[in-house]
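Student: I am new to this structure. Could we go through it term by term, and check each label against its cut-off?
Tutor: Gladly. Here it is.

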Amino acid sequence: MQKVLQSLLELQSADRRLSDVRARLAVSPKKLAEVDARVAAAKTELETSKAAQLATIKDRKRYELDVEQWKERVRKYRDQTSQVKTNEAYKALQHEVQMAEAEIAKAEDRLLEQMVAGEEYDRRVKAAEKTLKETEETARGAKANIESEKVAADRELAELGAERARFATDIPEDLVNQYEHIAKKHGGIALAEVQDEKCTACGMRVRPHVFQEMRRSTTGDLFQCETCTRFLYYIEPEAFVPPVAGAAAQETGPTSPSRES
Ligand SMILES: [Zn+2]
């Protein structure tokens, strides 16, 4: 395969990885916002429960006061009863006492209801406090993960950017521009392999004489698919040569892993 095609393929591979990393980076603010939203929801639940608890306490105090006031009236009516002279006045006071006692009973019922409700709100506040604490703990862990993912992605982005720049220097500038134009139009894929004399990207047949020219070309001319305009490349079956045993050994340097990060 021509050197420039190889460089273009490497450029494309770097661009694909770059776009993966960018996609990962793009979702990290959303992930952070989701974590924050979970904490905010737990806080709201706690505040709502506390407000309900407080309202119940206020109601309870009011009903307690009601009970006291009605009891006070009963005492007053009873005092008056000992001083009345007529039967009618006595009956009227008795009636007032009955009414007041009925009010006491009602207020006491309400008080009891509020006490039962209050216990329920106390439980709800305790549960909300526990949930908030757990949510905050989980959120701290999740945020640390998202942050370290972001740091790794940023580093990868810088490395891939440098890698891409190196590949791009091997390619004439106008060709890089053309590549970028096609890649933009075709979801990042500007090169297509020819298999069975067809463009594997769009499936269109490559004309036989074009295919023959492609295989023979020594001029450095690049061929484009007539349908999708992608650059075509062809890998001759015999081009696969088993890797030389020494090639891998060149890679092995000092083995101690770097722990700089
Ligand atoms: Zn095509």
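Student: What does the secondary structure of the chain come to?
Tutor: This is a predicted model. The chain has five helices and three strands. Along the sequence they follow the pattern α-α-α-β-β-α-β-α.

Student: How many of the residues count as buried?
Tutor: Of the 261 residues, 27% do. Buried means under 20% relative accessible area.

Student: Why is Ser49 called buried?
Tutor: The cut-off is under 20%. Ser49 has 3% relative accessibility, so Ser49 counts as buried. Ser49 sits in helix H1, residues 3-81.

Student: Which residues is Ser49 in contact with, leaving aside neighbours within four places in sequence?
Tutor: Ser49 contacts Arg124, Val125 and Ala128. Contact here means heavy atoms within 4.5 Å.

Student: Which residues touch the most other members of the largest nonpolar core?
Tutor: They are Leu8, Leu11, Ile171, Leu175, Tyr179, Leu191 and Phe231, in a core of 17 residues. H1, helix H2 (87-169), helix H3 (173-185) and E3 each give two or more residues to this core. Another core, of 12 residues, lies apart from it and includes Val206, Val210, Phe223 and Leu232.

Student: What does Leu191 touch, not counting residues up to four places away in sequence?
Tutor: Its partners include Leu5, Leu8, Leu9, Tyr179 and Phe231. Gln12, Arg230 and Tyr233 are also among them.

Student: Now the metal. How do you know which atoms are the protein donors of the zinc ion?
Tutor: By distance. A donor must lie within 2.8 Å of this metal. The SG atoms of Cys199, Cys202, Cys225 and Cys228 lie 2.2 to 2.4 Å from the zinc ion, so they count as donors. In sequence the donor residues are spaced C-x2-C-x22-C-x2-C.

Student: What makes the site of the zinc ion tetrahedral?
Tutor: Four donors count as tetrahedral if all angles lie between 85 and 135 degrees. The angles among the four donor atoms here are 102 to 117 degrees, so the site is tetrahedral. The ideal tetrahedral angle for four donors is 109.5 degrees.

Student: What does the pair Cys202 and Cys225 tie together?
Tutor: Cys202 lies in the loop between strand E2 (198-199) and helix H4 (208-216). Cys225 lies in the loop between H4 and strand E3 (231-233). So the pair ties together parts that are 23 residues apart in sequence.

Student: Cys202 and Cys225: which is buried, and which is partly exposed?
Tutor: Cys225 has 6% relative accessibility, under the 20% cut-off, so Cys225 is buried. Cys202 has 32%, which falls between 20% and 50%, so Cys202 is partly exposed.

Key:
Residues are numbered from 1 along each chain as its sequence is written. This is a predicted model: local features need pLDDT of at least 70, side-chain atom pairs count only at pLDDT 80 or more; totals for chains, interfaces and linings use all residues. Side-chain values use heavy atoms; hydrogens and water are left out. Donors are N, O and S atoms within 2.8 Å of the metal (3.2 Å for Na, K and Ca); water is not among the atoms, so sites may look incomplete. Four donors count as tetrahedral if all angles lie between 85 and 135 degrees; four count as square planar and six as octahedral if opposite donors are over 155 degrees apart and all others between 65 and 115; anything else is irregular. Helices (H or I, at least four residues) and strands (E, at least two) are DSSP runs, numbered from the N terminus. Buried means under 20% relative accessible area, exposed over 50%, partly exposed in between (1.4 Å probe, protein chains only). A nonpolar core is a set of buried Ala, Val, Leu, Ile, Met, Phe, Trp, Tyr and Cys residues joined through side-chain atoms within 4.5 Å.
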